[in-house]
Amino acid sequence: MGPVFLGPVFFCPGLGLLRLLGDWGGRFDGGNWRILAGMNIIRLRVAASFFAATDTVTIVVEPVDGSVLEYRAGQFLTFLFVFNGREVRRSYSFSSTPGIDPLPSVTVKKVANGEVSRYLIDHLKVGDVVECLPPAGKFVLDEGEERTQVFVAAGSGMTPVFSLIQEALYRRSEEKVVLITQNRDWNSILFRDRLRDMAVEFPGRFRWLNLLSSPGLGSVVSGLDGRVARLNNALLTELLDSMEIWGGDRGRRRPFFYLCGPPGFMRMAVFTLRLLGVADQDIKRENFVVEYVPPPPVLADTSPREVVLDVEGAAVRFSTQWPSTILQSALDNGIALPYSCKGGRCGTCAARCISGKVRMTINEVLSEKDLAEGLVLTCVGYAETDVELVLE
Ligand SMILES: Cc1cc2nc3c(=O)[nH]c(=O)nc-3n(C[C@H](O)[C@H](O)[C@H](O)COP(=O)(O)OP(=O)(O)OC[C@H]3O[C@@H](n4cnc5c(N)ncnc54)[C@H](O)[C@@H]3O)c2cc1C
Ligand code: FES
């Protein structure tokens, strides 16, 4: 069944127009309603969709109001649907790059029995309108000094990586770009033709190493740096060493790493990089799958706490108490904080804590720098004291 758009809108003093969702099952029925100041729901029309690889489709979108969607390469959109009266949110990374592709696009792989991916691939048509949260995410190019950018991706994890590689090659000056991809076979390589073109266009700057785990008889692996292999610790170490990315001194102008793929693949890659002496601050990860959400932490004092949320200068107050997360308490109070994965993996729910103490049970997305700047994930964050947060 397709999405249903329904439900009333209420005005709440101090919050502007707020959609009160009894069970978080409704949707906005027109216009860009402000659910909290600064938090617009965006309506996008499907401008085109096309086959990208096995079981994978690219969906090109444009804002219905004719505006230009502002986003950064590597970020994602969180789509909002209602299926059978139940709100469902899913995030999809941009496969496009601003300033390079005329319109934004996402690239969706069909997940077996997947609720939303199957809907997007099998039922969404050109001209349909979808609703989503504003672009979000921290999987963007590192802003620091110029250095080699190394991307390690598997399957649909190639989506944000492709967006970033286009930005690195076309919009940065001299940086070298190295890409290691893992796919099952030739037909499941996302953006294969564009990657091949870029390898020809930037011979001195872009190196793509393409691994196929089961290419099948007669499959083509030649014409590229292609191998039949499955990436593991030893092979990743060997490949990185062979590509001269360390610059002779692992301490100087060290490369920056971007990882996106299934959970096991990401764990293997992070483990290998740590063994090679790469610092956590030089690794960015984008997790598509929430495998596990830890239970509430053990807190010495579980008294109710006050949360003051600063949204564009207006203070919104609500109470929270263990074992409820800050996000869940806000939602229970009818305050529409943004979220997507609810599992500490995507960063949509991030807020800056300017006073008090928040305990997070997991963090797969905020960097050391983000943490030092006070960012917290409200979906896995528990107030240990009264807290004051600023919505990012
Ligand atoms: C920040 C972020 C960016 C993302 N970007 C993309 C993207 O660019 N392209 C894309 O195709 N997906 C992307 N995803 C994954 C996407 O949001 C959905 O999780 C995915 O499409 C499955 O949703 P579903 O409703 O079809 O399946 P569900 O009904 O949620 O899940 C069905 C089953 O499949 C499992 N499952 C969920 N996701 C995956 C997966 N990716 N691989 C294997 N098993 C899975 C679930 O655990 C569940 O058991 C992203 C996720 C996040 C958090
Ligand atoms: S909603 Fe994804 S990290 Fe909180």
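Visitor: How far may the coordinates be trusted, and what is the average pLDDT of the protein chain?

Guide: This is a predicted model, and its protein chain averages a pLDDT of 86. Of the residues, 86% score at least 70. Where pLDDT is low, the predicted coordinates should not be read in detail. Here that caution applies to residues 1–35, over which pLDDT stays under 50. For that stretch the model has 63 contacts beyond four places in sequence.

Visitor: How many helices and strands does the protein chain contain?

Guide: The secondary structure comes to seven helices and 23 strands. The chain has 392 residues, and buried residues make up 39% of them. Contacts can also be sorted by separation along the sequence. Among those between residues at least 6 apart, 64% join residues at least 24 apart.

Visitor: How should I read the pairing of strands, and how many bridges join strand S5 to S6?

Guide: In a regular strand the side chains alternate between the two faces of the sheet. As for pairing, S5 (residues 42–53) runs antiparallel to S6, and eight bridges join the two. Within this pair, Phe50 stands opposite Thr58 in S6. S6 also runs antiparallel to S9, with five bridges between them, and there the bridge partner of Val60 is Ser105 in S9.

Visitor: What lies between S5 and S6 in their hairpin?

Guide: Two residues separate the strands of this hairpin, in which Asp55 takes a positive phi near 60 degrees. Such a value is set down here for a residue other than glycine. Asp55 counts as partly exposed because it has 17 C-beta neighbours inside 10 Å.

Visitor: Which strands pair with S19?

Guide: S19 (residues 350–355) pairs with S21 (residues 375–377) in the antiparallel sense over three bridges. In that pairing, Ala350 stands opposite Leu377 in S21. S19 is also joined by four bridges to S23 (residues 387–391), again antiparallel. The bridge partner of Ser355 in S23 is Glu388.

Visitor: How is a helix to be read, and which residues of H1 are buried?

Guide: An α-helix has 3.6 residues a turn, so residues three or four places apart point the same way. In H1, the buried residues are Ser117, Tyr119 and Leu120. Seen down the axis of H1, these buried residues fall within an arc of 160 degrees, so they line one face of the helix. On the other side of H1, Glu115 and Asp122 are exposed.

Visitor: What covers the buried residues of H1?

Guide: The cover includes strand S6 (56–63) and S9.

Visitor: Where does Asp128 lie?

Guide: Asp128 is in the loop between H1 and strand S10 (129–136). It is partly exposed, with 16 other C-beta atoms within 10 Å. Asp128 and Ala47 are 81 residues apart in sequence, and their C-alpha atoms are 8.5 Å apart in space.

Visitor: Which residues does a cis peptide bond join?

Guide: The cis peptide bond joins Trp322 and Pro323, with omega about 10 degrees. Pro323 lies in the loop between strand S18 (314–320) and helix H6 (326–332).

Visitor: What is the phi of Lys342, and is this residue buried or exposed?

Guide: Lys342 has a positive phi of about 55 degrees although it is not a glycine. Lys342 lies in the loop between H6 and S19, and it is buried, with 20 other C-beta atoms within 10 Å.

Key:
Residues are numbered from 1 along each chain as its sequence is written. Chains are lettered from A and ligands numbered from 1 in the order in which they are written. This is a predicted model: local features need pLDDT of at least 70, side-chain atom pairs count only at pLDDT 80 or more; totals for chains, interfaces and linings use all residues. Two strands pair if DSSP finds at least two bridges between them. A residue is buried if 20 or more other C-beta atoms lie within 10 Å of its own, exposed if 12 or fewer, and partly exposed in between; C-beta atoms are placed from the backbone. The arc is that of the directions from the helix axis to the C-beta atoms. Two residues are in contact if their C-beta atoms, placed from the backbone, lie within 7 Å. pLDDT is the predictor's confidence in each residue, from 0 to 100.
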